[in-house]
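Please look over the sequence and the model below before reading on.

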Amino acid sequence: MTSQPKRLRRCQLAVPGSSEKMMAKAAALEVDHVFLDLEDAVAPSAKVGARGQIVEALNSLDFGRSVRCVRINDLDTHYAYDDIIAVVEGAGANLDTILVPKVRSACDVRFVDRLLTQIEGKLGLKRRIGIEVLIEEAEAIMRVEEIAGASGRLEALIFGMGDYSASQGIDPRAIAGDCGYPGDIWHYARYKMIVAARSFGLDAVDGPFVNFRDGDWFRTECVRARQLGAVGKWAIHPSQVAIAQEAFSPSQAEVDRAYKAVAAYAEAQKQGLGAIQVDGQMVDVATVRLVQRVIDQAELAGIKPSAGV
Ligand code: COA
Ligand code: MG
């Protein structure tokens, strides 16, 4: 179980760590979460320099209410340990989480956890840095329960469908949605990851949607992920941010219904009743449990019930 604080992750914006311009633009956006990337968005020749650019951005830019995250390189590369040391030693006080790509086992998470513990101890950092991991290897899906329980620092599991498809050998046309497979080709992996995340109290987040000019399709993908239990989705472009944040926020009507059901049930319990009806629908303890998710999301997003509810 995580012992980290709960954070809003309706949208996680990917920003190349080698682009000062995009990092400055991201800092000014109203977005729940920004991850400054050292991995795929940065060319090998720019990776070492990008560490310093990210440290500078974290220490000098005001990211407002956004969660500040850095994606390091894959632990199988020689970049990874230096990425963690450079970024945390350089800007640990201005960093909320580290995002680890291509994890394959619980050992990967524990390695990052121990390294963070050492650096935090050396620097005397007051806040504990959280860990988020990308589930994007076939091996990671096989071991996802073990990964989800690997560290109290863990905050989120993210499904990375691009690398996952490559790892499993899925038809490359699937990423553009045109390989002809009936239904959702990633359903099993997505579903399994979300079950593991929820079991350990972690946020489940859906990965990127590359066709960033198609807002309607992106919204459909957000809704599908939310229905399964994900709390948010990645954005690769600023135009996707508002769509994701809206799609992963409960509507005012949902929030009002949830609060009304909980209040009515509390009242019924005082009268010794276990099941009641509210606006033509049965409400019992299971209903209250179901709508608690809406209330939790509303509280995190600062959405209050309407007056009189
Ligand atoms: N973060 C911050 N700003 C971004 C951005 C991002 N992810 N993507 C685009 N922008 C900025 C652009 O710099 C541009 O700024 P300007 O208007 O001040 O010039 C503006 O938003 C509009 O961008 P646009 O011209 O439509 O796109 P582009 O051709 O500049 O960039 C991509 C397209 C795909 C290259 C770019 O969105 C990108 O690099 N995305 C992130 C990729 C990534 O991180 N991949 C790894 C994780 S999946
Ligand atoms: Mg990847």
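The side chains of His-33 and Gln-12 are joined by a polar contact of 3.1 Å. A polar contact is a pair of N or O atoms within 3.5 Å; within protein, one of the two must be able to donate a hydrogen and the other to accept it, and residues adjacent in sequence count only if both atoms are side-chain atoms. This is a predicted model, in which local features need pLDDT of at least 70 and side-chain atom pairs count only at pLDDT 80 or more, while totals for chains, interfaces and linings use all residues. Residues are numbered from 1 along each chain as its sequence is written, chains are lettered from A and ligands numbered from 1 in the order in which they are written, and side-chain values use heavy atoms, with hydrogens and water left out.

His-33 is found in strand S2, residues 33-37. Helices (H or I, at least four residues) and strands (E, at least two) are DSSP runs, numbered from the N terminus. Is His-33 buried or exposed? His-33 counts as buried because its relative accessible area is 0%. Buried means under 20% relative accessible area, exposed means over 50%, and partly exposed is in between (1.4 Å probe, protein chains only). Leaving out residues up to four places away in sequence, His-33 touches Leu-8, Arg-9, Cys-11, Gln-12, Leu-13, Ser-66, Val-67, Cys-69, Thr-97 and Glu-132. Contact here means heavy atoms within 4.5 Å.

Ser-66 and Val-67 are also among the contacts of Asp-96, together with Arg-7, Arg-68, Arg-127, Arg-128, Ile-129 and Gly-130, when neighbours within four places in sequence are left aside. Asp-96 sits in the loop between helix H3 (80-91) and strand S4 (97-100). Its relative accessible area is 7%, so Asp-96 is buried. The side chain of Asp-96 makes a polar contact of 2.9 Å with the side chain of Arg-127.

Next come the ligands. Around ligand 1 there are 15 residues, and the closest are Ala-14, Lys-21, Met-22, Ile-236 and His-237. A residue is near a molecule or strand if one of its heavy atoms lies within 4 Å of it. By class, this shell has nine nonpolar, one polar and five charged residues. In this count Ala, Val, Leu, Ile, Met, Phe, Trp, Tyr, Cys and Pro are nonpolar, Asp, Glu, Lys and Arg are charged, and the others, Gly among them, are polar.

Which atoms of Lys-21 and ligand 1 lie 2.7 Å apart? They are a polar side-chain atom of Lys-21 and an oxygen atom of ligand 1. A polar side-chain atom of Lys-25 lies 3.4 Å from an oxygen atom of the ligand. On the backbone, a polar atom of Ile-236 is 2.8 Å from a nitrogen atom of ligand 1. Taken alone, ligand 1 exposes 890 Å², and the protein buries 63% of that. These areas come from the Shrake-Rupley method with a 1.4 Å probe; for residues, only the protein chains shown count as cover. Strand S1 (11-16) and helix H1 (20-28) are the elements that give two or more residues to the shell. S1 gives the most, with four residues. Ala-14 is placed in strand S1, and Ala-14 touches Phe-35, Ala-235 and Ile-236, not counting residues up to four places away in sequence.

Ligand 2 is a magnesium ion, and its protein donors are Glu-136 (OE) and Asp-163 (OD), lying 2.0 to 2.2 Å from it. The pair links distant parts of the chain, 27 residues apart: Glu-136 is in the loop between strand S5 (130-135) and helix H5 (138-142), and Asp-163 is in helix H7, residues 161-168. Donors are N, O and S atoms within 2.8 Å of the metal (3.2 Å for Na, K and Ca); water is not among the atoms, so sites may look incomplete. Glu-136 is buried because its relative accessible area is 3%, whereas Asp-163 counts as partly exposed at 25%.

Two backbone angles remain. Most residues other than glycine have a negative phi. Lys-102 has a positive phi, near 50°, and lies in the loop between S4 and helix H4 (106-123). Asp-279 also has a positive phi near 50°, and its place is in the loop between strand S9 (276-278) and strand S10 (281-283). With a relative accessible area of 12%, Lys-102 is buried, whereas Asp-279, at 61%, is exposed.
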